Amino acid sequence: MKIITVCGMGIGTSVLLKMNAEKALRALDVDADVEAADIGTARGAARTAELVLTSEDLVEELGQVPAKVVVIDNFTNVAEIQQKIQDSIA
């Protein structure tokens, strides 16, 4: 499974979300390749991903992508990320 974590600039918060998504995936025992990206890079990367994790304000900017887009409210809340990933792949 390929997952893209997205923030506006692709530097700080997407990397934080990537690390917390990896923790959540380990807890779920799900094998996935997680990549952090800025919004511009994410549009292309999302074409080959199964999931995109991002904030509510970037969903529209991301546009139409074949990947399932999951809104994460708190990038530091591993429990929220874990629950939303689990719901998305169930």
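1. Buried here means under 20% relative accessible area, exposed means over 50%, and partly exposed lies in between (1.4 Å probe, protein chains only). Val 6 has 0% relative accessibility and therefore counts as buried.

2. The model is predicted: local features need pLDDT of at least 70, side-chain atom pairs count only at pLDDT 80 or more, and totals for chains, interfaces and linings use all residues. Residues are numbered from 1 along each chain as its sequence is written, and side-chain values use heavy atoms, with hydrogens and water left out.

3. On confidence: pLDDT is the predictor's confidence in each residue, from 0 to 100. The chain average is 93, and 99% of the residues score at least 70. Helix α2 (residues 39-45) has the lowest confidence in the chain, with a mean of 89, while α4 has the highest, at 97. Helices (H or I, at least four residues) and strands (E, at least two) are DSSP runs, numbered from the N terminus.

4. The sheet is open and has 4 strands in the order β2-β1-β3-β4, with parallel pairing; two strands pair if DSSP finds at least two bridges between them. β2 (33-38) and β4 (68-71) are the edge strands, each pairing on one side only. From one strand to the next, the twist averages 25°. β1 (residues 2-7) is joined to β3 in the parallel sense over 3 bridges, and Thr 5 has Leu 53 as its bridge partner in β3.

5. Val 6 belongs to strand β1. Leaving out residues up to four places away in sequence, Val 6 touches Ser 14, Ala 37, Asp 38, Ile 39, Ala 42, Val 52, Leu 53, Thr 54, Ser 55, Leu 58 and Phe 75, where contact means heavy atoms within 4.5 Å.

6. Helix α1 lies across β1, β2 and β3 and runs at about 165° to β2. Axes are lines fitted to C-alpha atoms, for helices over the stretch in contact, and angles run from 0 to 180 degrees between N-to-C directions. The axes of α1 and α4 come within 9 Å and cross at roughly 65°. Residues making the contact include Leu 17, Asn 20 and Ala 21 of α1 and Val 78, Ile 81 and Ile 85 of α4.

7. A nonpolar core is a set of buried Ala, Val, Leu, Ile, Met, Phe, Trp, Tyr and Cys residues joined through side-chain atoms within 4.5 Å. The largest one has 14 residues, of which Ile 3, Leu 17, Ala 21, Leu 53, Ile 72, Ile 81 and Ile 85 touch the most other members. α1 (13-28), β3 (51-54) and α4 (78-89) each give two or more residues to this core, and α1 supplies the largest share, 5 residues. A separate core of 13 residues includes Val 6, Ala 42, Leu 62 and Ala 67.

8. Asn 20, in helix α1, counts as buried because its relative accessibility is 7%. Beyond four places in sequence, Asn 20 touches Phe 75, Thr 76, Val 78 and Ile 81.

9. Asp 29 sits in the loop between α1 and β2. Its phi is near 55°, a positive value in a residue other than glycine. Most residues other than glycine have a negative phi. Asp 29 has 72% relative accessibility and so counts as exposed.
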